[in-house]
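Have the structure open as you read.

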Amino acid sequence: MTALALAPRDWRDSAVCRGSNSEIFFPFAAPGTEAGRRQTALAISFCSGCPVRTECLADALGNGIEFGVWGGTAETERQALTRPMKGAA
Ligand code: SF4
């Protein structure tokens, strides 16, 4: 008897944004402007109920993705997460 081997599911299969317009995750208004904040907040609201936020954020951080909203974080938040801490070796 052979064991049934199932292909591992990709985390993207469970993404809330799967099949949606990806443009929403790339706000075109300048960061720090009211329009930029509104667009970013809208994208982050999609992520708030996503079951794969952690995987999405890890993927963005691991691949150095600078632009757009990933894993419920804006560009500036990811920059802060990856910025070396002062005094760290
Ligand atoms: S966390 Fe946001 S960008 Fe990432 S897969 Fe989920 S909905 Fe899409």
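The lining of the largest pocket divides into 14 nonpolar, four polar and three charged residues. Here Ala, Val, Leu, Ile, Met, Phe, Trp, Tyr, Cys and Pro count as nonpolar, Asp, Glu, Lys and Arg as charged, and the others, Gly among them, as polar. A pocket is an open set of points on a 1 Å grid over the protein atoms alone, where a 1.4 Å probe fits, with protein on both sides within 12 Å along at least five of seven lines; lining residues have an atom within 4 Å of a point.

This is a predicted model: local features need pLDDT of at least 70, side-chain atom pairs count only at pLDDT 80 or more, and totals for chains, interfaces and linings use all residues. Residues are numbered from 1 along each chain as its sequence is written, and side-chain values use heavy atoms, leaving out hydrogens and water.

**The largest pocket**
- Its 21 lining residues include Ala 15, Cys 17, Phe 25, Cys 56 and Trp 70, which lie nearest the centre.
- Helix 1 (34–47) and helix 2 (53–62) are the elements that give two or more residues to this lining; helices are DSSP runs of H or I, at least four residues, numbered from the N terminus.
- Helix 2 gives the most, with three residues.

**The ligand**
- The ligand sits in the largest pocket (more than half of its atoms lie within 2 Å of the grid points).
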